[in-house]
Amino acid sequence: MGLASYLQASLNRRSRGLRRIAALCLLLLGVHTAGDRLDDVIFAAVDRVDLAIDSALWHLSDALTSAGLLSEATAAHGASRATAWVDLAEKDALSLWLALIAELLTVLLLLDFVWGPRRPARPPKDPALWAQLRHSITLTLAQLRPLDVERLIVPPAMLILCLGGLGVTALALETAAAQLIGRAAWARSAAPAAAAWVGLLSGLLLLGRVVPAMVEGALFRAAERAEGGDVKRGMGWRGALRQRLRGWPRALLIGGVALMAALTHGPLAGLLSRAAGAF
Amino acid sequence: MAPRADKQARGGLFDLAVMVALLYAVYAMTPFGAVTEGAIRWARGEGQRPDLFATFKGRGAAATGVKLGGIQPRRAAMGDDIRREAGAAGVDAEWVAALVEARGQCSDGHCTVDSPPTVASTGELPLAEALAAWGASAEAFDGDEQLGLEALFVGEAPLRQALTKANAHEQGGATSPEIHGAHLPPALARGPFRAALEIIAIYRLRTLTWPTALGFPITSPFGERTHPVTGQTKLHNGVDVGCPTGTPITAAQRGRVSRVGADAYCGTYMKVDYGTGIEATFCHLSKATAKAGQWVSQGEAVALSGATGRITGPHLHYTLRLAGEPVDALAYGWAPKLD
């Protein structure tokens, strides 16, 4: 066996692992894209909570003063100290820390859906393409039953995060392509549009190669987790409710971050407009 | 990825290419690349330990590496010969002072510049040539000296490409060096572009305007003080300007309104990010006329002063921060006299 054949066979054997690393990178990029808005949203929430607590403290001190339990000066002093406790810069830093923690936690949680163990599926008996496709759809739909919050939210959220990640990846590849194309003097004027196309097409290739398998794998993993949880969930309506709500904190965090990524549409929109500019 | 029997796995080479492309994207477009580079530099003893949080923040000096701490607030003496040559070359003398102060030292009409790659590879650059190159570079960007300076360091083509991408990303085509810098190739963004940003930071600091009309008294300066309401002794992190309610507050530099909100202590407040780690906070406003996310130009009215929050009377509390640290705003830009 020649070296090239050996390398190819070796890479083929590791194909799934390579795609899993690629999927993780894509999710990491998608989560980071969401981070653009995440800290703003967290800051707005922190700001409102802080204002509500401060207002409550002032009302409390007013009430205590009216009841004669505190002197006016002491109440005002105490409430002022409380309001000055967390200042604007600290709130800003707090929201950035929370956003960083949310990003890292989301990536850690997604790691399980990308890499976590799942039962190998039986291959179809009929090797025909149509039969394989039907088998795959049946198998995928079976993973959705019974539907719970985790299975309802996590795979679509991963798809959204991947699309966000694709936009950013396409931008990075576009930059690299523009640099390469721009080195040739004759191609310099066409470099921006050509690079935009390189970014767009490579993004589409990634979409086809990595994303469907990753989303499907996430669904299988979620089903596997649900089966593991069935043992603990108990009986009756409480058990049924627990089953439906299974994994809601995880789904809430991942879904929220995905929503932020969906709102950050700049990279993809810009890339499409630049590619269209070639015409 | 799918849990199927994968007896006939194919496309391993393609998957390897996909993985490499995505690892490159992670390196180029997320803080992990900058942190990894920083860690390598630190391991070699060439830099400070990287700060994931500061890099993650993705804004200001912490992310761009601009060293604002070393910038002196007062203007450095600028030789007449530099002024004369700058004027002859049609370049703002302040820019030359910034260039000289930030990146090199001049003697006998020659400046040593720390290798702006598109200008000179030797690092030794005659001042007149630097000015001429700068002027020509700015011309290519409709006379915009900031962009001209950036192009001098990173090259015109990559900068144009980055601007195109940033303009498409941002609403209204507005951008700033931090935003379009993110679209430069990593080697340029983390090297020469950072040098350009340092100069731009100095320029911005030196051309800050005062946020109110001049003539209002400073009722409480920056520094340690006993708070009139809480009685606590702590750092007063800003300057109190005794202006009546309804006084227009203007942006001290071109920037973006980063936050608008209400706080029990600060009242209605606004934060404006001027870029390169320079940020202003205005407190006790009666009304914020600009919205969060809005780009504002220097001198543009963004709010009206008021008497909201914990105060003893109407005034504007103005905090200027450099790389996250509050500084005395009176030391920068055109400051009014103390009472």
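**Close-up 1. B:Leu149 in helix H8 of chain B.** In this predicted model, B:Leu149 sits in helix H8 (residues 145-154) of chain B; helices (H or I, at least four residues) and strands (E, at least two) are DSSP runs, numbered from the N terminus. With a relative accessible area of 0%, B:Leu149 is buried (buried means under 20% relative accessible area, exposed over 50%, partly exposed in between, with a 1.4 Å probe and protein chains only). Follow the chain back 14 residues from B:Leu149 and you reach B:Gly135, with 8.8 Å between the two C-alpha atoms.

Close-up 2. The loop between helix H7 (127-139) and H8 of chain B holds B:Asp142. Its phi is positive, about 55 degrees, although B:Asp142 is not a glycine. Is B:Asp142 buried or exposed? At 79% relative accessibility, B:Asp142 counts as exposed.

**Close-up 3. B:Asp15 and its salt bridges to chain A.** B:Asp15 meets A:Arg19 in a salt bridge, at 3.4 Å from N to O (a salt bridge is a side-chain nitrogen of Lys or Arg within 4 Å of a carboxyl oxygen of Asp or Glu). This pair crosses between chains, with B:Asp15 in helix H1 (residues 12-29) of chain B and A:Arg19 in helix H2 (residues 15-66) of chain A. B:Asp15 also forms a salt bridge with A:Arg209, where the closest N and O atoms are 2.6 Å apart. That pair crosses between chains too, from H1 of chain B to helix H7 (residues 191-233) of chain A. As for cover, B:Asp15 is buried at 1% relative accessibility and A:Arg19 is buried at 12%, whereas A:Arg209 is partly exposed at 24%.

**Close-up 4. A:Lys91 and A:Asp50, a link within chain A.** The side chains of A:Lys91 and A:Asp50 form a salt bridge, 2.9 Å from N to O. The pair ties together distant parts of the chain: A:Lys91 is in helix H4 (residues 88-115) of chain A and A:Asp50 in helix H2 of chain A, 41 residues apart. Both ends are covered, since A:Lys91 is buried at 0% relative accessibility and A:Asp50 is buried at 12%.

**Close-up 5. How H2(A) and H4(A) pack.** Two packed helices are described by the angle between their axes and the distance between the axes. Here the axes of H2(A) and H4(A) come within 7 Å and cross at roughly 150 degrees; axes are lines fitted to C-alpha atoms, for helices over the stretch in contact, and angles run from 0 to 180 degrees between N-to-C directions. H2(A) and H4(A) are therefore roughly antiparallel (under 35 degrees counts as roughly parallel, over 145 as roughly antiparallel, 65 to 115 as roughly perpendicular and the rest as oblique). The crossing of H2(A) and H4(A) is right-handed, meaning that the near helix is turned clockwise from the far one by less than a right angle. In the contact of H2(A) with H4(A) there are 21 nonpolar, five polar and seven charged residues; Ala, Val, Leu, Ile, Met, Phe, Trp, Tyr, Cys and Pro count as nonpolar, Asp, Glu, Lys and Arg as charged, and the others, Gly among them, as polar.

Close-up 6. Strand S9 (residues 255-263) of chain B runs antiparallel to S10(B), joined by seven bridges (two strands pair if DSSP finds at least two bridges between them). S9(B) and S10(B) make a hairpin with three residues between them. Strand S10 (residues 267-275) of chain B is mostly covered, with seven of its nine residues buried. S10(B) and S11(B) pair in the antiparallel sense over six bridges, with B:Gly275 opposite B:Ile278. S11 of chain B also holds B:His284, which has a positive phi of about 65 degrees without being a glycine and is buried at 6% relative accessibility.

Close-up 7. A:Asp39, A:Asp40, A:Asp92, B:Arg259 and B:Lys271 are linked in a network of salt bridges. Within the strands, B:Arg259 stands opposite B:Lys271 in S10(B). Over all chains, the structure holds 15 salt bridges.

**Notes for all views.** Residues are numbered from 1 along each chain as its sequence is written, and chains are lettered from A and ligands numbered from 1 in the order in which they are written. Local features need pLDDT of at least 70 and side-chain atom pairs count only at pLDDT 80 or more, while totals for chains, interfaces and linings use all residues; side-chain values use heavy atoms, leaving out hydrogens and water.
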